[in-house]
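Reader: Could you walk me through this one? I have the sequence and the coordinates open and would like to go piece by piece.

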Amino acid sequence: MIKRRNTRPRAFDPDPDAPARCCDMPSCQEPAGYRAPRSRDTLNQYYWFCLNHVREYNARWDYYKGMSPGQIEAHLRADIGWDRPTWAFGQSAKGAQRATPNEEDILDPLDILGQNRRARAERARAQAYQERSSAPATLREPLAILGLSWPVSMEEAKSRYRALARKHHPDTNNGDRNAEERLKKINVAFTIVKTHLLTESLEKAL
C-alpha cells in the first residue's frame with residue numbers, strides 16, 4: 001500500500017513567500033521566515049522575523065494599544081456587525097442620519113444647548129484633571145469600571161473581576177439586559193487591565 005505524501009506545511013514552517021533576507025530584529029542574522037503586522041492601521045504591511053523573534057513580537061502585540069476603553073468597545077461592537085452601519089429597528093438609514101441635528105441650526109432662546117455645552121466643558125476639565133493622576137491613561141476608565149485603584153496586581157484584578165462577573169451575570173439577575181450590558185463593560189475593562197499587566201510583566205522580564 002502506497003502512502004500519500006502529506007504536502008501541507010507544518011504549523012511552524014517558514015512562510016514560502018518570505019523574502020530572502022535576515023530577520024528585521026536589529027543584530028539578528030537568522031533567516032526571516034515569519035511575518036508580523038507592523039501596526040493596527042497597516043495590517044497588510046509586515047515585519048519579517050526569525051521564529052524566536054516572531055514569537056517574542058507576537059507575545060507583546062496589543063491590537064488595542066493606544067485606544068481608549070470607549071474606542072475599544074465601539075470597535076468590538078462594530079466587529080459584531082461586520083463593520084456595517086446599524087440603526088434602530090423600524091428606522092431607515094436616512095432617518096438615522098436625520099436623528100442627529102446640528103446644534104448650530106437649532107433656535108435656542110432659553111440657552112438650553114448652551115448649558116449643555118458648558119456642562120460638557122466642565123466634564124472635559126474634570127477629565128483633564130483625572131488624566132493627571134498616576135494611572136496610565138488607557139487604564140483610568142477600566143479601573144473605574146472595576147472599582148480598582150492604581151497600582152493594582154494581577155491577582156487583585158482577577159479577584160475583583162470574578163466578584164463583579166458573579167454579581168452582574170444575567171443568570172443571577174433573571175436575564176436583566178442592564179446587567180448583561182454592565183457585564184460586557186466589565187469584560188472589556190478587565191481585558192484591558194490584564195493585557196497591560198501582562199505586557200508590563202513581559203517587558204520587565206526581557
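Reader: How many bridges join β1 to β2?

Author: Five bridges join β1 to β2, the strand of residues 42–49, and the two strands run antiparallel. Please keep in mind throughout that this is a predicted model.

Reader: And what do β1 and β2 form, with how many residues between them?

Author: They form a hairpin, with two residues between the strands.

Reader: What do the buried residues of α1 pack against?

Author: The buried residues of α1 pack against β1 and β2. In this helix, which covers residues 51–60, the buried ones are His 53, Val 54 and Tyr 57. Seen down the axis of α1, these buried residues fall within an arc of 100 degrees, so they line one face of the helix.

Reader: Which residues are exposed on the other side of α1?

Author: Asn 52 and Ala 59 are exposed there, on the other side of α1.

Reader: Stepping back a bit, how many helices and strands are there in the chain?

Author: The chain has seven helices and two strands, and read along the sequence these follow the pattern β-β-α-α-α-α-α-α-α. Buried residues make up 21% of the 206 residues in the chain. As for the surface, the accessible area of the chain comes to about 15,900 Å², and 52% of it belongs to carbon and sulfur atoms.

Reader: Let's turn to the largest nonpolar core: which residues touch the most other members?

Author: Of the 18 residues in that core, the ones touching the most other members are Leu 143, Leu 146, Leu 148, Val 152, Ala 157 and Val 193. The elements that give two or more residues to this core are α5 (137–146), α6 (154–168) and α7, and α7 gives the most, with seven residues. As general background, nonpolar side chains in soluble globular proteins tend to be buried together.

Reader: Which residues of α6 are buried?

Author: In α6 the buried residues are Ala 157, Leu 164, Ala 165 and His 168. They cover an arc of only 105 degrees around the axis, which puts them on the same side of α6. On the other side of that helix, Glu 155, Arg 166 and Lys 167 are exposed.

Reader: And how far apart are the end C-alpha atoms of α6?

Author: They are 21 Å apart, and this agrees with expectation, because the 15 residues of α6 should span 21 Å at 1.5 Å a residue.

Reader: I was also looking at Ala 189: is it buried or exposed?

Author: Ala 189 counts as buried, because its relative accessibility is 1% and the cut-off for buried is under 20%. Ala 189 is found in helix α7, which covers residues 177–205. Not counting residues up to four places away in sequence, Ala 189 touches Pro 142, Ile 145 and Leu 146. Ala 189 and Gly 70 are 119 residues apart along the chain, and their C-alpha atoms are separated by 9.9 Å.

Reader: What about Ser 27, what is its phi?

Author: Phi of Ser 27 is near 70 degrees, which is a positive value in a residue other than glycine. Ser 27 sits in the segment before β1 (34–39), and with a relative accessible area of 74% Ser 27 is exposed.

Reader: Last one: where does Asn 174 lie?

Author: Asn 174 lies in the loop between α6 and α7. Although Asn 174 is not a glycine, it has a positive phi of about 55 degrees. Asn 174 is exposed, with a relative accessible area of 79%.

Terms used: Residues numbered from 1 in each chain as written. Predicted model: local features only at pLDDT ≥ 70, side-chain atom pairs only at ≥ 80, totals over all residues. Heavy atoms only, no water. Helix = DSSP H or I, 4+ residues; strand = E, 2+ residues; numbered from the N terminus. Buried < 20%, exposed > 50% of the residue type's maximum accessible area, 1.4 Å probe, protein only. Contact = heavy atoms within 4.5 Å. Core = buried A, V, L, I, M, F, W, Y, C linked by side-chain atoms within 4.5 Å. Areas by Shrake-Rupley, 256 points an atom, 1.4 Å probe, with all protein chains shown as cover. Pairing = 2+ DSSP bridges. Expected span 1.5 Å × (residues − 1). Arc of directions from axis to C-beta.
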